[in-house]
Amino acid sequence: MTDATPAVEIVDLVKDFATSFRRRKLRAVDGVSLRIGAGEVYGLIGPNGSGKSTTMKALLGLVAPTAGTCAIFGRDSLRVDSRQEVGFLPENPYFYKHLSGAETVRFYGRLCGLSGRVLEDRVGEMLALVDLEEARDRRVGGYSKGMLQRIGLAQALVQEPRLLILDEPTAGVDPVGSRQIRDLIFKLRERGITVFLCSHLLEQVQEVCDRVGIIFQGKLVKEGRLEDLISIEDQTEVVLRDASPELVARIEELAVTGGAELVRSGRPRTTLERLFLRETMKGGKDS
Amino acid sequence: MRRPGKQGIGSHGGRVLAITMNTFTQLVRMKVFYFLVVFALIMLGSNFFDLPQHGLPETFGFSVLRAVMSWSLGAMTLFSMVLAIVATALLLPRDVEDRTLYTILAKPVPRIDYLAGKLFGVLLLLAVSLAVMDLVMLGVLQLRMSLFMGQVEAMEAAGQAAEKVARMRAELLANGPDWSLQGAVVAVFLRAAIMAVLALFISTFSTSTLFTSIVSFLVYFLGYFQADMREAFLRTTGEGLGVLERGGALLLTLVLPDFQMFNVIDAVIEGAAMPLAVLGKLAVVAGFHLLFYLLASWYVFAGKEV
Ligand SMILES: Nc1ncnc2c1ncn2[C@@H]1O[C@H](COP(=O)(O)OP(=O)(O)OP(=O)(O)O)[C@@H](O)[C@H]1O
Ligand SMILES: [Mg+2]
């Protein structure tokens, strides 16, 4: 797996935006390097304005990097053909209000060079996948937030891309809807599709992602496999069953023996949320 | 293992067509075609305006036919101009605002394809609406024609001089719809097409629809003085015509369309013929401006951060 071309390769990405007043530049992304292997699910987390969306836009060639490079499956993001293998769901997507759901997916399919029978089949398949078959002939202008998010997923997946980039896929979606989106990501992972997502909902990131990166003020402050990141190295966890309070007390004293069954011992996990807060608070102090 | 990812130049056409048709549907579903109803009403209304004039009855039919042409071509010019500028000025900012542009450019769509698609969508809308207006105009002219022919026949039956009747008949036919009139409609289209591409170019760097529209209308008026400006440019420098002046005049010709060329439309209303060569020249000039400004738009848009 490691020798194959990575799905995403971002090297020392820097992106400055010109602010209208004073010649000061706003550095939205500051030296981010990322590598996402094919088939991985990668989650980028960070507070508002930390540069998540900007990183994704640079990867898609929507903004030109100030420095550094981005590549999708080895093709530079500034080349149009790098987008053949990628599907993108922007944050709070809106689509042409005048089109129906089916027309929307068809339009994006045409943009990917699909046509005829193949296209029609894909449109039906995608609408079924995101559960919008009943709404296929309704104007997208009348769709709810969750429906827009789902039609966005359908258009992102229309050409069967090998990489899916999701910018806050569950923002504004109810718990049932976000569960569906999570299940969809699982399904895609099974098919070998690489997913690169960013989200504020840390629990969900924790549920679906193989690897996560924490970005803060444009810098990637922590990155690694989720399991490694959230294990606490200098602690040991003892999980007891049928332990009375006294027993617990004694165990606390003895710390080893007792009549209880030792179910599991190993490294306890912190939550991704705690890690997130710790990392972003720490970064906040030293900058 | 999957579908071949490689897509040749051949698929450019497919993508441009997809965006063209999408733009066309978008404009149609924005109910822009309602103005055609207004046009039809104007045409119907114009029927009530020909109260018998004190002119000679022989020239009566003649002037009414010319008036209908003048009304229709005037209305066509107005509608096509407003449509070309406002519709184009609306499209880009709207895609940026709704962030539909992200989803489009995140697909393998070269930016030139996107711009060309938008432009062709507006041109298609212009062509369809002008064709409909043309049909309405021809219908009204035909109706008028047959009414006047009926009157002439009545005169004939009433024992008017055969010579006079024949002359009137010939005059009516000479002032009826002909190929020059169709040429004038094509010229109206070409002029609107130039305005559409200008508005597209302006909207690639402008920040609002209003700004784009105002600047476009301004350029339209300036375009009527292009020939004079160029002449003034060349005359002030007199004998020693330097490279700079020549270059300036050339640049002016390239950048600013000469809308005075389209005065042939008015000539057609007056009854002049429009030679095919003139129409051909207009088409070449319009084609040049379309290409020039499409490439200029591309140049600006390619570096744009969306
Ligand atoms: N087009 C732009 N022009 C100027 N500044 C921008 C532009 N886009 C983003 N920025 C700035 O770059 C920084 C990073 O923005 P970005 O949208 O990447 O953040 P984010 O991590 O996606 O935040 P959120 O969680 O709120 O979506 C912000 O300070 C933002 O104001
Ligand atoms: Mg964002």
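**View 1. Salt bridge between Lys97(A) and Asp98(B).** In this predicted model, Lys97(A) and Asp98(B) form a salt bridge whose closest N and O atoms lie 3.7 Å apart. A salt bridge here is a side-chain nitrogen of Lys or Arg within 4 Å of a carboxyl oxygen of Asp or Glu. The rule finds two salt bridges across the interface of chain B and chain A.

**View 2. The side of chain B that touches chain A.** Helices H1 (10–29), H4 (100–105) and H5 (111–157) of chain B each give two or more residues to this side; helices are DSSP runs (H or I, at least four residues), numbered from the N terminus. H1(B) gives the most, with seven residues.

**View 3. Extent of the contact.** Chain B supplies 31 residues and chain A 38 residues, contact meaning heavy atoms within 4.5 Å. About 3200 Å² is buried between the chains, 54% of it from carbon and sulfur atoms; buried area is the accessible area (1.4 Å probe) that two parts lose on being put together, summed over both.

**View 4. Confidence in chain B.** The average pLDDT of chain B is 84, and 90% of the residues score at least 70; pLDDT is the predictor's confidence in each residue, from 0 to 100. Mean confidence in chain B is highest in helix H7 (residues 179–205), at 94, and lowest in helix H9 (residues 226–236), at 76. The model scores ipTM 0.84 and pTM 0.85.

**Notes.** Residues are numbered from 1 along each chain as its sequence is written, and chains are lettered from A in the order in which they are written. Local features need pLDDT of at least 70, side-chain atom pairs count only at pLDDT 80 or more, and totals for chains, interfaces and linings use all residues; side-chain values use heavy atoms, with hydrogens and water left out.
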